Amino acid sequence: SGSLKAESSVQKEVGLKFNSSSFISNNDQTHITLKYYQTRLNNLIEMPGSGGAPALCIGPGAGSIAPNSNPATCLAAGSAAKPVIIKGWALNAGWALNAYSTNLNIALNDTKRDGKAVGTVRRSVASQGDRLTWDNQWPATDELGFGYTMTAVKRLTSVPKNEPKRAGYMVHSLQSEWQPMAVPNLTLNL
């Protein structure tokens with residue numbers, strides 16, 4: 001039987017961070033973080049074919065090939081496969097004054113294997129569209145708070161051949177939370 005190499009990953013990040021008090025007005029808090037990242041996934045153990053198929057390549061012994069599978073196919077799909085590279089930019093900016101806070105996150109991702117788009121790699125990674133999240137929180141009183149979150153995901157057009165493009169979407173969420181002081185440890189969310 002053949003043997004598989006252990007899966008591994010290497011992540012690199014570089015970025016800038018800014019924190020300030022009283023940046024826009026007295027007593028506010030501001031933070032901005034910008035980073036570039038790259039993650040390399042090596043020796044992924046995968047099953048060729050559909051993502052829902054059982055991983056027949058892995059046998060009962062650690063790192064072994066199941067006797068009823070084709071070792072050449074398993075090794076080509078697993079430890080001999082090219083690495084998956086995930087890279088992108090992430091921006092996080094937030095501002096708070098008194099009880100109100102707002103936070104903006106933008107993530108621009110690119111997932112490739114051998115320079116080509118990647119669909120879903122079981123247990124490991126799936127290509128995602130670029131994402132924007134805007135979160136707002138406002139505690140109206142000591143007991144009652146409100147929030148609004150908008151999440152927008154860009155249409156994903158960089159997909160492997162014969163796989164459908166993924167539609168973009170937007171989700172709006174409203175939150176409310178009540179923590180009555182008369183009943184410690186009780187929180188009601190809506």
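The following conversation concerns a predicted model of a single protein chain.

Trainee: What does the secondary structure of the chain come to?
Mentor: The model is predicted, and its chain holds 1 helix and 11 strands.

Trainee: In which order do the elements run from the N terminus?
Mentor: The order is β-β-α-β-β-β-β-β-β-β-β-β.

Trainee: How much of the chain is buried?
Mentor: Of the 190 residues in the chain, 29% are buried. The accessible surface amounts to about 12200 Å², and carbon and sulfur atoms contribute 58% of that surface.

Trainee: And what share of the contacts joins residues 24 or more positions apart?
Mentor: Among contacts in the chain with a separation of 6 or more, such pairs account for 58%.

Trainee: Where is Asn-43 found?
Mentor: Asn-43 is in the loop between strand 2 (28-42) and helix 1 (71-77).

Trainee: Is Asn-43 buried or exposed, and why?
Mentor: Asn-43 counts as buried because its relative accessibility is 17%, and the cut-off for buried is under 20%.

Trainee: What does its side chain reach?
Mentor: The side chain of Asn-43 reaches the backbone oxygen of Ala-6, at 3.3 Å.

Trainee: On backbone angles, what is phi of Ser-22?
Mentor: Phi of Ser-22 is near 55°, a positive value in a residue other than glycine. For context, most residues other than glycine have a negative phi.

Trainee: Where is Ser-22, and how accessible is it?
Mentor: Ser-22 is in the loop between strand 1 (8-21) and strand 2. With 39% relative accessibility, Ser-22 counts as partly exposed, since that value falls between the cut-offs of 20% and 50%.

Trainee: What about phi of Asn-185?
Mentor: Asn-185 also has a positive phi, near 65°, and is a residue other than glycine. Asn-185 lies in the loop between strand 10 (169-178) and strand 11 (188-189).

Trainee: Is Asn-185 buried or exposed?
Mentor: Asn-185 is exposed, because its relative accessible area is 84% and the cut-off for exposed is over 50%.

Terms used
Residues are numbered from 1 along each chain as its sequence is written. This is a predicted model: local features need pLDDT of at least 70, side-chain atom pairs count only at pLDDT 80 or more; totals for chains, interfaces and linings use all residues. Side-chain values use heavy atoms; hydrogens and water are left out. Helices (H or I, at least four residues) and strands (E, at least two) are DSSP runs, numbered from the N terminus. Buried means under 20% relative accessible area, exposed over 50%, partly exposed in between (1.4 Å probe, protein chains only). A polar contact is a pair of N or O atoms within 3.5 Å; within protein, one must be able to donate a hydrogen and the other to accept it, and residues adjacent in sequence count only if both atoms are side-chain atoms. Contact means heavy atoms within 4.5 Å. Accessible areas come from the Shrake-Rupley method with a 1.4 Å probe; for residues, only the protein chains shown count as cover.
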